[in-house]
Amino acid sequence: VASGGLVAAVPSTPSGLTTTAIPGGYTLNWTASADPSILEYQVWEAAGASQPFSSASLVQTISAPATTTTVTGQTPGSALSVFLVAVNAAGSSSPAG
């Protein structure tokens with residue numbers, strides 16, 4: 001536990017991540033992290049298939065306890081690497097993707 005009572009540990013990774021293509025975007029569904037300190041989830045994406053998280057950019061932030069979101073504005077037929085990140089009260093994060 002960090003000073004001020006904030007949780008400093010990296011939160012558990014969301015599980016069961018699925019991606020469904022829709023015209024001009026995609027819908028993500030996941031099972032929420034069991035960590036009660038999760039404040040939000042972030043969607044990160046990188047152009048191209050099988051890209052590392054280090055090449056991804058933040059595209060959306062979703063308040064917990066949501067377990068689904070839709071991302072639009074992508075070019076139809078383009079390949080993307082998508083990552084879902086759980087962020088806790090201390091700002092620690094854990095990507096799933």
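Start with the largest pocket of this predicted model, which has a volume of about 170 Å³. A pocket here is an open set of points on a 1 Å grid over the protein atoms alone, where a 1.4 Å probe fits, with protein on both sides within 12 Å along at least five of seven lines. Its volume is the space filled by probe spheres set on the points, which are joined across faces, edges and corners.

Residues are numbered from 1 along each chain as its sequence is written. Local features need pLDDT of at least 70 and side-chain atom pairs pLDDT 80 or more, while totals for chains, interfaces and linings use all residues; side-chain values use heavy atoms, without hydrogens and water.

Next, select Gly25, Tyr26, Gln74, Ser78 and Leu80, which lie nearest the pocket centre among its 14 lining residues (an atom within 4 Å of a point). Two or more lining residues come from each of β1 (15–22), β2 (25–31) and β6 (80–88); strands are DSSP E runs of at least two residues, numbered from the N terminus. β1 gives the most, three residues.

Now move to Glu45 in strand β3 (residues 38–47). Glu45 is buried, at a relative accessible area of 14% (buried means under 20%, with a 1.4 Å probe and protein chains only). Show the side chain of Gln74 as well: a polar contact of 3.2 Å joins it to that of Glu45 (a pair of N or O atoms within 3.5 Å, one able to donate a hydrogen and the other to accept it).

Finally, select Val82, 37 residues from Glu45 in sequence and 4.5 Å away in space, C-alpha to C-alpha.

Terms used. Helices (H or I, at least four residues) and strands (E, at least two) are DSSP runs, numbered from the N terminus. Buried means under 20% relative accessible area, exposed over 50%, partly exposed in between (1.4 Å probe, protein chains only).
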